[in-house]
Amino acid sequence: MNSPIRVLLAKVGLDGHDRGVKVVARALRDAGMDVIYSGLHRTPDEVVTAAIQEDVDVLGVSLLSGVQMTVFPKILDQLKKQGADDMIVVAGGVMPDEDVAALKQMGVKEVMLQDTPPQAIIDTLKKLVAERGPR
Amino acid sequence: MSRAVASVALVDRVQAGEPAAIARLISRAESGAAEVHEALARIYKLAGAAHVIGLTGVPGSGKSTLVGKLTEKLRAKGAKVGIVAIDPSSPYSGGAILGDRIRMSDMANDPGVYIRSMATRGATGGMARAALDAVDILDVAGFDTVILETVGVGQDEVEIVRASHTTIVVSAPGLGDEIQAIKAGILEIADIHVVSKCDRSDANRTLIDLKQMLTLGLRAAAKSAWQLPVVGTSTVSGQGIDELIVAIEQHRRFGLESEAGQQRRLAIAQFRLRKTADNLLLDRFGAAIARASAPLAAKLMRREADPYSLANELLNSSLLREPDHEQDPRSKIA
Ligand code: B12
Ligand SMILES: Nc1nc2c(ncn2[C@@H]2O[C@H](COP(=O)(O)OP(=O)(O)OP(=O)(O)O)[C@@H](O)[C@H]2O)c(=O)[nH]1
Ligand SMILES: [Mg+2]
């Protein structure tokens, strides 16, 4: 029995753009992954609680509202506090290049912006989980 | 959490209620790897305090929303609530979108509530065994009430909720058939019936139909046995939620005090043993049988042999050989 990759897809704050995250959810499901969607308007703490309870391999946060530089530090910090240091955090949506670099610097494993083909997202997640290894 | 931690080492941490340890042990249970058996054996012996509520009904009948509201009320009374929410996997990709959690998001940050989503993973995925292991893990972690939500279609999904102490079947108005539970064949398993969405004008008809059907003796109740309650609820107005909690508490006590309750617990244990044995059998010999059967298929195709004799031969030879040591690489201890 091979366990499917588990992914939590989350939307944080006032950002109501959910088209992209739904496209990603379906693509990952069709690639054989178990996908949990948080729904809109969650807080960083709620997202971390859910990610830990669900023991996901990947926490993917979709952000098109421009607040990535406040949201991701909170999420990464909270994950560390709760001892979930082996969780892979990725980001998607719309954000400027300098933020992408900064996010990767602070520990976000990958940032996939608009027009990323679904297959590229699937391949990236599979690769990241394989690199992390068993847990 | 460190990747190298052995499952048995998680048991104490589960008992202490550590969320990450609970989460990881449930994942290991889902993987079904042999490494987790000892930990689960210890969990089983430590468990048994929680009241387990199974909740089922056709898709969209309002189960998750109801579980959310029930949980809020139970929390207000001081209970800690664990939830295992099961959604179907896609038969095509094997993947799943697990959407129950969204409807329970009001308690997203309450440490007294633990929500875990699970996918069915097809008939041989061991979902029933893993779901009941997850219930025990939450029990040991100190959750006094554990609620299992499954869609009331598919044998495993229905059997799981039957393996709870109190089974609730949810019917909703406006989903086509007046009482969809009949069509799904799940009306008989209820200890408590709920008609959801009673804020809708057509709910009364569903309530009346259901009550009528029950008095017609669909489930002929002996005098001393449990009187099947029918509760109308609305998660919009809050109607019926308190009444449902009273019914659940009454059924919990009935289960502890009656001969029927004793029988029920014995049946649950039997189911549990059978599911676990089924899984172990598949784990050990499934791969070997699949491998050995491939070269025999040609014989079968040419009708030089019949499937019964070949299957018997296969079983005899596979069962005699050493079990397969292949296991899920992701759950192997690094
Ligand atoms: C459609 C749209 C809307 C729709 C949203 C409908 C909906 N339910 O989603 C509506 C009209 C409601 C809307 C409203 C607003 N919008 Co608007 N909207 C867009 C638009 C044109 C397209 C977004 C979209 O759906 N793209 C298609 C999907 C498939 O792509 P995607 O979301 O980018 O997802 C892809 C990747 O990013 C990635 N991905 C996404 N999430 C994730 C998650 C993970 C884990 C991974 C790995 C990958 C990943 O994968 C997807 C596939 O490639 C963009 C412009 C743009 N070019 O992006 C503006 C845009 C996002 N909106 C913008 C703004 C400002 C607004 C409003 C504030 C406008 C206003 N003043 O009212 C409101 C805010 C509403 C709210 N509450 O959030 C700005 C945001 C600026 C910023 N970030 O600084 C943008 C960028 C337009 C702009 N250039 O100014 N919007
Ligand atoms: N009017 C009304 N709608 C409700 C009520 N409860 C749930 N709903 C709606 O019914 C729909 C399905 O609710 P869920 O709680 O997701 O139902 P479910 O049975 O868990 O669904 P699945 O898990 O997909 O089978 C949602 O749109 C809810 O908002 C209610 O009491 N009244
Ligand atoms: Mg549901």
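**Close-up views of the ligand sites, pocket and cavities**

**View 1. Surroundings of ligand 2 in the predicted model.** Ligand 2 is surrounded by 17 residues, the closest being Lys63(B), Thr65(B), Arg103(B), Asp199(B) and Thr235(B); a residue is counted if one of its heavy atoms lies within 4 Å of the molecule. Polar contacts are pairs of N or O atoms within 3.5 Å; within protein, one atom must be able to donate a hydrogen and the other to accept it, and residues adjacent in sequence count only if both atoms are side-chain atoms. The side chain of Thr65(B) places an N or O atom 2.4 Å from an oxygen atom of ligand 2. For the side chain of Arg103(B), the corresponding distance to an oxygen atom of the ligand is 2.8 Å. Thr235(B) contributes a backbone N or O atom, 2.8 Å from an oxygen atom of ligand 2. The model is predicted: local features need pLDDT of at least 70, side-chain atom pairs count only at pLDDT 80 or more, and totals for chains, interfaces and linings use all residues. Residues are numbered from 1 along each chain as its sequence is written, chains are lettered from A and ligands numbered from 1 in the order in which they are written, and side-chain values use heavy atoms, with hydrogens and water left out.

**View 2. The magnesium ion (ligand 3).** Ser64(B) (OG), Asp100(B) (OD) and Glu149(B) (OE) coordinate the magnesium ion at 2.0 to 2.2 Å. Ser64(B), in helix 4 (residues 63-76) of chain B, and Glu149(B), in strand 5 (residues 145-151) of chain B, are 85 residues apart and link distant parts of the chain. Along the chain, the donors follow the spacing S-x35-D-x48-E. Donors are N, O and S atoms within 2.8 Å of the metal (3.2 Å for Na, K and Ca); water is not among the atoms, so sites may look incomplete. Helices (H or I, at least four residues) and strands (E, at least two) are DSSP runs, numbered from the N terminus.

**View 3. Ligand 1 and its cobalt atom.** A single protein donor, His17(A) (NE2), lies 2.1 Å from the cobalt atom of ligand 1. His17(A) belongs to the loop between strand 1 (6-11) and helix 1 (19-30) of chain A. In total, 25 residues surround ligand 1, with Gly16(A), His17(A), Asp18(A), Leu64(A) and Thr116(A) the closest. A polar side-chain atom of Asp18(A) is 2.8 Å from a nitrogen atom of the ligand. Backbone N or O atoms also approach oxygen atoms of ligand 1, at 3.1 Å for Arg19(A) and at 3.4 Å for Gln114(A).

**View 4. The largest pocket.** The volume of the largest pocket is about 1300 Å³. Of its 47 lining residues, Arg162(B), His165(B), Thr166(B), Arg264(B) and Ile268(B) are the closest to the centre. Helix 10 of chain B gives the most to this lining, with 11 residues. On a 1 Å grid over the protein atoms alone, a cavity is a set of points where a 1.4 Å probe fits but cannot get out, whereas a pocket is an open set with protein on both sides within 12 Å along at least five of seven lines; lining residues have an atom within 4 Å of a point. Grid points are joined across faces, edges and corners, and a volume is the space filled by probe spheres set on the points.

**View 5. The second largest cavity.** The second largest cavity holds about 100 Å³ of space. Its lining includes Leu8(A), Arg42(A), Ile102(B) and Met104(B). Helix 2 (residues 44-54) of chain A supplies the largest share of this lining, 3 residues.
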